[in-house]
Structures are given as structure tokens and as C-alpha cells.
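I am keeping short notes on what I looked up in this structure.

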Amino acid sequence: MAGHDRQTLMQKFQDMVSRGEPIIGGGAGTGISAKCEEAAGIDLIVIYNSGRYRMAGRASSAGLLAYGNANEIVVEMAGEVLPVCKRTPVLAGVNGTDPFIIMPVFLKKLKDMGFSGVQNFPTVGIIDGTFRQSLEETGINYATEVDMIRQAHELDLLTTPYVFSAEEAVEMTRAGADFIVPHMGVTVGGSIGANTSKSLEESVRLIDEWGEAARRVRKDVIVIAHGGPISMPEDVEYVLRHSKHCNGFYGASSMERLPTEIAIEKHVRRYKDITR
């Protein structure tokens with residue numbers, strides 16, 4: 001199974017940017033999620049270990065902890081998702097800090113399986129404080145994720161890394177990232193979403209700050225936002241209307257968990273409301 005050609009994809013996405021058409025990506029933790037997203041015309045799909053956890057009723061942040069091997073889970077999920085995606089490029093979430101893989105070999109394997117690109121998840125970028133400092137000092141660091149993106153770019157895979165600061169946006173752009181995805185934190189809402197987050201106003205400010213920093217390195221880098229308070233279509237509309245640099249949205253929980261929670265609960269209530 002061959003993935004989509006990176007040059008062709010980037011021409012499509014750059015054309016969308018020039019037309020002012022938002023680029024919409026989504027996470028898929030199951031085959032039915034991917035199938036429905038493709039039917040709706042989504043532009044790209046990403047699968048990573050958190051998708052499995054959230055669609056099992058656990059928090060997406062479980063993907064950051066030692067509940068399973070993230071890279072092995074993605075390879076396993078590929079058999080469920082790749083065959084049902086007939087038109088949409090599928091990207092793999094890669095744990096770039098995994099010390100037990102030979103990265104060029106693993107990336108080539110993903111490409112041979114039919115993945116069109118990669119994203120850096122799980123990522124130490126979402127971790128802060130003393131623990132983050134300890135990780136960085138012991139070699140489990142964001143720089144390793146940057147290097148993974150660089151190697152993927154050299155293999156001509158589409159690269160859409162998460163960034164958590166202007167400095168990281170610059171590093172990823174220099175590594176050849178096609179997109180940067182400013183990460184605003186764990187998505188709010190639903191039964192297992194976060195309760196606290198940045199405001200939409202603050203998110204717009206950060207997205208533009210990080211996007212501007214990246215575009216000082218390379219003007220053609222694409223910027224799409226993710227997470228935090230940006231969880232519903234009206235939130236995305238607000239960001240796109242108020243942001244100077246944002247070209248679209250990447251949703252994970254907001255694309256598959258929240259719609260599933262809402263739809264199943266509403267549908268089951270219709271059965272419970274039946275009277276004789």
C-alpha cells in the first residue's frame with residue numbers, strides 16, 4: 001500500500017492556503033472514526049496511541065504514560081485504519097524519544113506500510129516543570145523529536161509536528177517541517193476532557209506568535225492549531241477569524257471522542273424515552 005506523494009499533498013495544501021480554505025485534520029483511534037472522517041471530506045488523518053485510549057473511554061493524556069508501547073500501538077492500529085482510508089493521507093504519531101528503535105528503519109517501515117507522513121506524539125513538549133527538566137537532562141528531550149522530523153523529511157514524508165513555543169516552532173521549521181501545529185493543551189469538554197485551559201483569545205495570540213516565528217525561517221510553512229479550548233466548530237471559526245497566521249485546525253478528541261459521546265448518549269436517550 002503506497003502513501004500519498006508529499007509534493008502532491010503540499011501543492012494541494014498550499015493551494016488551499018492561497019484560497020483561504022481551512023485545512024482540517026483529525027485523529028482516528030478506530031477504523032470507523034477514520035472512515036467517517038474521510039466520508040466528511042477531511043484533509044488528513046493522524047493515528048497515534050492516544051486515539052486508542054480516548055476511544056476506550058480513557059483520557060487522551062494516557063498516551064503520555066507507560067500503559068503501552070506507543071510506536072507498537074500505532075503499527076497495530078494501522079491495520080485497522082489504513083485499509084479504510086481510500087482517498088485521505090494518513091500520518092503516524094511517532095514517539096521520537098523511544099530509545100529502543102532505530103529511527104530511520106522505523107520511519108521507512110511506516111512509509112512502506114502506507115503512511116504518508118508523521119507527527120511527534122507522544123511528545124515531551126506537553127510536559128513542563130521539574131519533571132520536564134529531568135527528562136531533558138537525561139536525554140529524553142524535544143531535540144530528539146526535532147531530529148525525528150528531520151529524518152522523516154529526508155525520507156520525503158509529510159511532517160506536521162506539535163510545537164509548544166516560538167523556539168520549538170523555529171526548530172521544527174528548520175528541520176523541514178511542512179506544518180507546525182501549535183498545541184494549546186489537552187482538549188476541554190466531554191466526560192474525560194480537561195476542565196481548565198487557555199482562553200481562545202490567549203490561544204490566538206500564541207498561535208500567531210509561534211506561527212510568525214516559524215515563518216521568519218520559512219515563509220511557506222503551514223500553521224494549523226490544536227487542543228485546549230479549541231474543541232468545537234465555533235471555536236475553530238473564532239480562531240480562524242481572529243488569527244493572522246492560522247491556516248486550519250487539527251482535532252483529535254474534538255473529531256472523534258466528543259461527537260461519539262454526544263451522538264451515542266442522545267441516541268440511547270431516544271430509546272429510553274419510548275413509552276407504550
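Entry 1. I looked up what N71 touches in this predicted model. Leaving out residues up to four places away in sequence, I found G93, V94, N95, D98, I101 and F106. N71 itself sits in helix α4, which covers residues 70–81.

Entry 2. Next I looked at how helix α7 (residues 142–154) packs with helix α8 (residues 166–174). Their axes lie 8 Å apart, at an angle of about 30 degrees. Angles under 35 degrees count as roughly parallel, so I wrote down α7 as roughly parallel to α8. The crossing of α7 with α8 is right-handed. From α7, the contact uses Y142, E145, V146 and I149, and from α8 it uses E168, E171 and M172. I sorted the residues of this contact by kind: four are nonpolar, three are charged and none is polar.

Entry 3. Last, I looked up the largest nonpolar core, and it has 75 residues. Helix α9 (residues 200–217) supplies the largest share of this core, with seven residues. Which residues have the most contacts inside the core? They are F13 and I47. I followed up I47 and listed what it touches, again not counting residues up to four places away in sequence. The list is A28, V74, M77, A78, V81, V90, L91, A92, G93 and F115.

Key:
Residues are numbered from 1 along each chain as its sequence is written. This is a predicted model: local features need pLDDT of at least 70, side-chain atom pairs count only at pLDDT 80 or more; totals for chains, interfaces and linings use all residues. Side-chain values use heavy atoms; hydrogens and water are left out. Helices (H or I, at least four residues) and strands (E, at least two) are DSSP runs, numbered from the N terminus. Contact means heavy atoms within 4.5 Å. Axes are lines fitted to C-alpha atoms, for helices over the stretch in contact, and angles run from 0 to 180 degrees between N-to-C directions. Angles under 35 degrees count as roughly parallel, over 145 as roughly antiparallel, 65 to 115 as roughly perpendicular and the rest as oblique. A crossing is left-handed if the near helix is turned anticlockwise from the far one by less than a right angle, and right-handed if clockwise. Ala, Val, Leu, Ile, Met, Phe, Trp, Tyr, Cys and Pro count as nonpolar, Asp, Glu, Lys and Arg as charged, and the others, Gly among them, as polar. A nonpolar core is a set of buried Ala, Val, Leu, Ile, Met, Phe, Trp, Tyr and Cys residues joined through side-chain atoms within 4.5 Å. Buried means under 20% relative accessible area, exposed over 50%, partly exposed in between (1.4 Å probe, protein chains only).
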